[in-house]
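Subject: Structure for you to look at

Hi,

Here is the structure I promised. Please open it alongside this note.

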Amino acid sequence: MVFESLVVDVLNRFLGDYVVNLDSSQLKLGIWGGAVALKNLEIKENALSQLDVPFKVKAGHIGQLNLQIPWQNLYTQPVEAVLDGVYLLIVPTASIKYDAEKEARQLLEARQRELQRIEEAKQKIADQDKVKEEKQDTFVEKLVTQVIKNLQVKISNIHIRYEDDITNRNNPLSFGISLQNLSLQTSDKNWNPCLHDETAKLFYKLVRLDNLFAYWNVKSEMFYHGGCEESLVNLKQGVASHNVIPEGYDFVFRPISARAKLLMNPRSDVDFSSPKMDLDVNLQDITVEFNKPQYFSVMELLESIDMMTRNLPYRKYRPDVPVHNNAKTWWKYVIDGILEVNVQPKLQMWSWEHIRHHRKQVKNYKDMYKTKITSKKPNEEILKLLEEFEKALDIFNITLARQQAEVEATKAGLKIYRPGVKQDDDNSGGWFSWIWSWSSEKKDEQKQEVKGSSLEELMTPEEKAKLYAAIGYSETAVDPTLPKSYEAMKFSVKLLSMSISIRENKQTPKLVEFALTGLSTVFTQRPGAQAIRFETEITSLEVTGMSREKCTPCLLSSRTVYSDKSTSLLSIMFETNPLDEKADQRLRIESQPLEIVYDAMTINSLVAFFRPPKDVHLEQLTSATLMKLEEFREKTSTGKCCMLF
């Protein structure tokens, strides 16, 4: 069956890039059997290489990954996915001892992933004109709806943490994010969890988020000093629960929980009683806190990341000894690094010997790649030689050589073979589907082979008929004319309250606090009229300043003697093609009075708060902000007691 092969390929590709020693054969057998249970997976050290940051994984662990797929009743029974215990400890690359062999292997893996990404991007562009967009969109929409209807997901116990004692050795920092639970469950119309009722016209999903928090610690304990096992234990203890909030964390926002209700109408093309998708998100209280040590730490890290990135090319020459009493070793490091990285490559680049050698390498790579793609089964020697060339050449030259090889093969009338792709006798080659470009070559004729360039082409007529019947799709169906008043998509968010506070440190009073209550946003779409509508509303807003002598100044308040208590502070509505057809676009803004008070002490304190440390030079990031704050300060010094906003 097609879906088994698709799931195997996707999981192999995703997990293979991030998990150490993944057993692909066992994974394939598990998926074909309908159950995958992977436990105690180790995350690769270079798992973050695609982000292009100077960080590496010091300790990474996935507790379990379970997947239950009822292949015999795929369209009626639920697909269950469970991910539990993802712990990730990230450190600067400089914190990990240099290993030449390991670094070379990781660099090659990163380069091959980038080459694969380029191939997929080119394939997408090549296939754009071949896809019947209208039919495919309808088919994919219904397929996604069917998948969501039968999908049950649970993600629990996630803790991702970054530690750094290189940026500032006197004030080591750590920051991270922790999550206790994120789940997607089927429910009844009263939003109680249950098994899906196949007779129901609508289906309901309940999304639940529990105890999500973020933190930024200054003068933090370094978990990675204790080794991998101890680090994982500490990360596990950093996940909040309903009754326990972990200690030793300076929260950026404290643990929050949320609920979302998703209603989907799989027959929205004929049944206009409910939206195709209706998502309602409810958030309770969100408390954001930020202090001056955290702000200084952020500024230092931003500057340090830039320095870390610059130092990466010199890392292999860096001595593993302290500077004190080892001046000669460190001067040798400086001289060797500059010569090897900055001077010699530029001198060598323009030598005739280097140019001749480089041209020969590119030509040999092109010829061997041409041999590979025009052979049904390339021999191991060619594959090994190609890998050696890919270690030496950069991505630009590799991509250029591959393109030339494909052009030459096409002009010569040779058939281009790609693993796992169906070949046409009359077609000599070209770019093949990006979906299958990562599939492994078939080992023998008994193994299932993924063929074709689209999901529908991959399926047998029986499988296609069964899938179409399950998801309510017909190739000959004509899209009905939707009523102009029908809301196909509806998305709403409600936030009970939110506060943002800034203070010098944890022990001092707040410099300023923003308190917002009753934020609601609704977005709707009416495809029959090609219309959208956006509405947002804020009930109240209050900003308080720095406390002194048992008095806290209120800098901004919507609770004035002139305000109407029964209406919101601010209401904004924007829509296109309104139902009354009196306009093409409509914008309505309603606001209640605001009372604004200028407090010099609060403004001066904020100016001092946001001024970065003297040893940090982030002119581009801070100049605009400081300019505005200095304007406030100048007005304060002249004794002005009011300002225009």
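Below is what turned up, from the whole chain down to single residues.

First, the ground rules. This is a predicted model: local features need pLDDT of at least 70, side-chain atom pairs count only at pLDDT 80 or more, and totals for chains, interfaces and linings use all residues. Residues are numbered from 1 along each chain as its sequence is written, and side-chain values use heavy atoms, with hydrogens and water left out.

**Whole chain**

The protein chain has 14 helices and 15 strands. Both are DSSP runs numbered from the N terminus: helices are H or I with at least four residues, strands are E with at least two. The chain holds 645 residues, and 39% of them count as buried. Buried means under 20% relative accessible area, exposed means over 50%, and partly exposed lies in between (1.4 Å probe, protein chains only).

Now contacts, meaning heavy atoms within 4.5 Å. Take those in the protein chain with a separation of 6 or more: 69% join residues 24 or more positions apart.

**Cores**

The largest nonpolar core has 47 residues. Such a core is a set of buried Ala, Val, Leu, Ile, Met, Phe, Trp, Tyr and Cys residues joined through side-chain atoms within 4.5 Å. Leu38 and Tyr162 have the most contacts inside the largest one. Beyond residues up to four places away in sequence, Tyr162 touches several others, among them Phe55, Ile90, Pro92, Phe175, Leu301 and Met308. A second, separate core has 16 residues, including Val91, Phe213, Phe223 and Val239.

**A helix pair**

Look at α8 (residues 352-373) and α9 (residues 380-392). Their axes come within 10 Å and cross at roughly 145°. Axes here are lines fitted to C-alpha atoms, for helices over the stretch in contact, and angles run from 0 to 180 degrees between N-to-C directions. From α8, the contact residues include Tyr365, Met368 and Tyr369; from α9, they include Leu383, Leu386 and Phe389. The contact residues divide into nine nonpolar, three polar and two charged.

**Single residues**

Val20 sits in the loop between α1 (2-18) and α2 (24-32). Val20 is partly exposed, at 27% relative accessible area. Leaving aside neighbours within four places in sequence, Val20 contacts Glu42, Ile43 and Lys44.

Arg588 is in strand β14 (residues 585-591). Arg588 is partly exposed too, at 34% relative accessibility. Arg588 and Glu535 are 53 residues apart along the chain, yet their C-alpha atoms are separated by 9.4 Å.

Finally, backbone angles. Most residues other than glycine have a negative phi. Gln530 is not a glycine, but has a positive phi of about 50°. Gln530 lies in the loop between β10 (510-526) and β11 (531-544) and is exposed, at 68% relative accessible area. Asn577 also has a positive phi of about 50° without being a glycine. Asn577 lies in the loop between β13 (570-576) and β14 and is partly exposed, at 29% relative accessibility.

Best wishes

Note on methods:
Ala, Val, Leu, Ile, Met, Phe, Trp, Tyr, Cys and Pro count as nonpolar, Asp, Glu, Lys and Arg as charged, and the others, Gly among them, as polar.
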